[in-house]
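Have the viewer open and follow along.

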Amino acid sequence: MDWTKIIWAVLLGAMILFLWPRAKHMLKNSPKAEQGDWQAAIVPIALVAGFVVLLIMIV
Amino acid sequence: MNRLDISAARPSESVISTNKLIKNTYILLSMTLLFSAVTATVSVFLAVPGWTYMASLIGSIALIWFVLPRTANSSAGLAVIFGITGLMGFGLGPILNMYLSMANGPQIVGTAMAGTGIIFLGLSGYALTSKRDFSFMGGFLMAGLLVVFIAILAGLFIEMPALHLAISAVVIMLMSGFILYDTSRMVHGGETNYIMATIGLYLNIYNLFVHLLSLLGALSGDD
């Protein structure tokens, strides 16, 4: 096996272990979304998706 | 209280410190991006080997995890953040050289750079002007990031080009969410240190650029 793959795997494993408690804490303690909050986030992200499709068509 | 009205209800001193934080963050972000561009250019001209990307990432992750949190409240934090961003820019050399060697490589790299800039300015500007609090996305974004790391880990051992494309597409969406989240954290007092705010936004832009480049490179007309 390629030695770089092993180093990448160790690095990714370390990042997962490092982020796991933080993600758990954030999932538990993040404030709840109010009405319209998700819509306000999803609309610009959907626009980004459309923009990326446009860029793919350009190149 | 409606979270939209928080900034109006805060005392003026707090608003001044928030504006100062935003100004310092964007100044430092511009300088670090410029420094990264310089080190990336040097790396491209030196034609550094492929493992440089991995080595620079390991070095910068070590600095972000172990050194930056201890120095972020002092002037040493500025040297550390330039060290991190310079290293990350230098690591881009092999990737940029790979794409630049394609027939329409310069167009792909230029489009990815311009696209990243437009997406960042649009989303960050939206979060700043709308004054919406996107802190509710924190848990969702972190869980999404973990899923992406697990998918990348699986992708190392499963040869599936479609998986790599799907990961790049998801990372672009996630980084877009993180730009909204990190910008709104500055506005709403979730982040008060401009060095930490800068590194968060820098990593969003870096990952957005790398994965947009990957997507454009894979799906461009040049076969």
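## Where the chains touch

Let's start at the contact between the chains, which draws 34 residues from chain A and 41 residues from chain B. Two residues are in contact here if their C-beta atoms, placed from the backbone, lie within 7 Å. On the side of chain A that touches chain B, the elements giving two or more residues are helix H1 (3-29) and helix H2 (37-58) of chain A. H1(A) gives the most, with 16 residues. By class, that side of chain A has 27 nonpolar, 2 polar and 5 charged residues (Ala, Val, Leu, Ile, Met, Phe, Trp, Tyr, Cys and Pro count as nonpolar, Asp, Glu, Lys and Arg as charged, and the others, Gly among them, as polar).

A word on the ground rules: this is a predicted model, in which local features need pLDDT of at least 70 and side-chain atom pairs count only at pLDDT 80 or more, while totals for chains, interfaces and linings use all residues. Residues are numbered from 1 along each chain as its sequence is written, and chains are lettered from A and ligands numbered from 1 in the order in which they are written.

## Chain A on its own

Chain A has 2 helices and 0 strands (both are DSSP runs numbered from the N terminus, helices being H or I with at least four residues and strands E with at least two). Its radius of gyration is 18 Å, whereas a compact globule of 59 residues would have one near 10 Å. That radius is taken over C-alpha atoms, and the globule rule is 2.2 Å times the number of residues to the power 0.38.

The C-alpha trace of chain A spans about 45 × 40 × 10 Å along its principal axes.

## Chain B overall

Chain B comes to 9 helices and 0 strands, and its elements run α-α-α-α-α-α-α-α-α from the N terminus on. The radius of gyration of chain B is 18 Å, close to the 17 Å that the globule rule gives for 223 residues, so chain B is as compact as a globular protein of that length.

Its C-alpha atoms fill a box of roughly 55 × 35 × 30 Å along the principal axes. Buried residues make up 37% of the 223 residues in chain B. Among contacts in chain B with a separation of 6 or more, 81% come from residues 24 or more positions apart.

## Helix pairs in chain B

Axes are lines fitted to C-alpha atoms, for helices over the stretch in contact, and angles run from 0 to 180 degrees between N-to-C directions.

Now for H9(B) and its partners. Helix H8 (residues 161-187) and helix H9 (residues 194-219) of chain B pack at about 155°, with axes 9 Å apart, and are therefore roughly antiparallel. Their contact has 14 nonpolar, 6 polar and 1 charged residues. Helix H6 (residues 105-130) of chain B and H9(B) have axes that come within 9 Å and cross at roughly 135°, which makes H6(B) oblique to H9(B). The contact of H6(B) with H9(B) has 12 nonpolar, 4 polar and no charged residues. B:Leu208 and B:Leu212 are among the H9(B) residues that meet H8(B), and both are also among those that meet H6(B).

Most residues other than glycine have a negative phi. B:Ala47, though not a glycine, has a positive phi of about 50°. B:Ala47 sits in the loop between helix H2 (12-46) and H3 of chain B and counts as exposed, with 9 C-beta neighbours inside 10 Å.

B:Lys131 is not a glycine either, and has a positive phi of about 55°. B:Lys131 lies in the loop between H6 and helix H7 (138-157) of chain B and is partly exposed, with 15 other C-beta atoms within 10 Å.

Notes. Parallel < 35°, antiparallel > 145°, perpendicular 65-115°, else oblique. Buried ≥ 20, exposed ≤ 12 C-beta atoms within 10 Å, placed from the backbone.
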